[in-house]
Amino acid sequence: MINHHQQVPYHLLKHKYGFSHEEGQTDEPTGSGNMIIHGDNLLALKSLLPMYEGRIKCIYIDPPYNTGNEGWVYNDNVNDPRISKWLGEVVGKEGEDFTRHDKWLCMMYPRLVLLKKLLADDGAIFISIDDNEQARLKLICDEIFGEKRFKTDIIWQKRYTRSNNTVDFTTVVEHILVYSKDEFVVNLLPRTATADKRYTNPDNDPRGPWKGKSFLNPAKPEQRVNLCYTIVNPNTLEEIENPKTNAWRVQKSTYERLKEEDRLYWGKDGKSKIPVIKMFLSEARGLTPINFWDHEYAGNTDNGTSDLQEVIAGKVFENPKPVKLIYRILEHCTNLDKDDIILDSFAGSGTTAHAVLCKNRDDGGNRKFILIEMGDYADSTTAERIKRVINGYGSDPKTMLGIGGAFDYYEMGETLYDAEGNLNEQASEDGIRNFVYYTEARQPLARPRDSREPYLMDIHDGTAYYFYYKPGETTVLNRDTLEIVKHRAEQYIIYADACELDEAFMRVNNIIFKKIPRDIKRF
């Protein structure tokens, strides 16, 4: 079961339409980098690998919580006989379906493996979950990402009132498990007026407000002998030879530097026996995030419903997450100074894209979103919501103006390979070329196909990439067919069905032959 993701066939994505503030909906791609994909998220995640592996900075997912009330279907296309009997079956309630937890874990496991592949080294994944599967989810995340990559379990206050309709406890919180890939460091938050109130300036220091840090160490003198030395009050010239209850906080060399920089404060009258260290507000770092997010800080479920209803009237989606919650995640995880990509593979009503557009509007960022949704409402609700956010909605003049932006809408296309392992002749040839070029050059294929040289994909870093492919025919690379090459380059990588050129000739002419489909990289 661990390798389910490897059994999933690779599908091409089929572009359906583009939407932008300037052009509205058109058949042409917008080139914005924003995507909404309608389809099974396991298939879609695999389709994203060639272009996005290791590039996603922030992943947020809100999977089915497996409460027994969602009616979700386990429908993964895998060959394992233990799984095949579950395909297409609605997962039942506790007591009706004794395999419901197994099914949920088997649904989540391959998706998490693919999400890890997509995650950047400095990225993080945030996973919403409730008490039903939190413990099991953490165990498989520990296995997939590694126990040391667990960052925190954020407790989000989704409700702020109790319900007397509940039999036992009213549930007012949910979990958000956070895991990193490798080098992730959470963003510090902007300082607040409340935090800054702790800084004063009782001695009118020209460097501005400061707060005092104790000169005493929690350790006893006998525990930290190296931190025991004589200090002198410069106002009374009294010597304090050795600390009696606690060691000093800093080494003697640091004490001498603090004294030289006038960073020791000896009390209002200057006669204190033990100073405090001045910590200036001008040098203070941002605020460390905490793992309890109350409803005022990160919104609640009522906010999620009203956020959506402001854009699309009526109750069109159950329990959408509030924009404010995802906005906070973006503050913690994404940067302003680069084009971070945010992925949500259980997109629902599209809250994540809504939050990304709002964050970009507020700080001038250029973050990109990728949403995946398998529900029939992917276009009518998910995409429609984002169209209205882009163009404007509601009665508030600020929202009526619209945020602006663009996205492209995709559906799942044909598989890249047929049942025999050959290139699928029903698949889009342009899609195949895009796939092959990206696996070689690690960048999107931007060059339009030219009828004068139809087999050239593009030239990158001195290498010309050719895909000599004719559906239904066998292409052979020889001295006659080399006429397909019309551009001069330092090196040529040519895909074809067969090759009759001898190795010496190819070596002299810097030609590398790659056989279709054998040498096409597989995911």
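In this predicted model, the largest nonpolar core takes in 41 residues, and Leu112, Leu137 and Leu343 have the most contacts inside it. Helix α4 (residues 100-118) is the biggest giver here, putting 9 residues into this core. A second, separate core of 40 residues also turns up, with Ile154, Val323, Ile326 and Ala347 among its members.

Take leucine 112 to begin with. Setting aside neighbours within four places in sequence, leucine 112 is in contact with Ile61, Ile125 and Ile127, and also with Leu137, Ile140, Cys141, Ile144 and Phe145. Helix α5 itself covers residues 134-145, and its 12 residues reach 16 Å from first C-alpha to last, close to the 16 Å expected at 1.5 Å a residue.

Leu343, another of the residues with the most contacts in the largest core, sits in strand β16 (residues 341-344). Side chains in a regular strand alternate between the two faces of the sheet. In β16, Ile341 and Leu343 point one way while Ile342 and Asp344 point the other, and all are buried. As for pairing, β16 runs parallel to strand β4 (residues 56-61), joined to it by 2 bridges, and leucine 343 is the bridge partner of isoleucine 59. Strand β17 (residues 368-373) is also parallel to β16, with 4 bridges between them, and here leucine 343 stands opposite isoleucine 370. To get from β16 to β17, the chain passes through helix α11 (residues 351-363), making a right-handed β-α-β crossover.

How values were computed
Residues are numbered from 1 along each chain as its sequence is written. This is a predicted model: local features need pLDDT of at least 70, side-chain atom pairs count only at pLDDT 80 or more; totals for chains, interfaces and linings use all residues. Side-chain values use heavy atoms; hydrogens and water are left out. Buried means under 20% relative accessible area, exposed over 50%, partly exposed in between (1.4 Å probe, protein chains only). Two strands pair if DSSP finds at least two bridges between them. A crossover is right-handed if, with the strands pointing away from the viewer, the path from the first strand over the helix to the second runs clockwise. The expected span of a helix is 1.5 Å times one less than its number of residues. A nonpolar core is a set of buried Ala, Val, Leu, Ile, Met, Phe, Trp, Tyr and Cys residues joined through side-chain atoms within 4.5 Å. Contact means heavy atoms within 4.5 Å.
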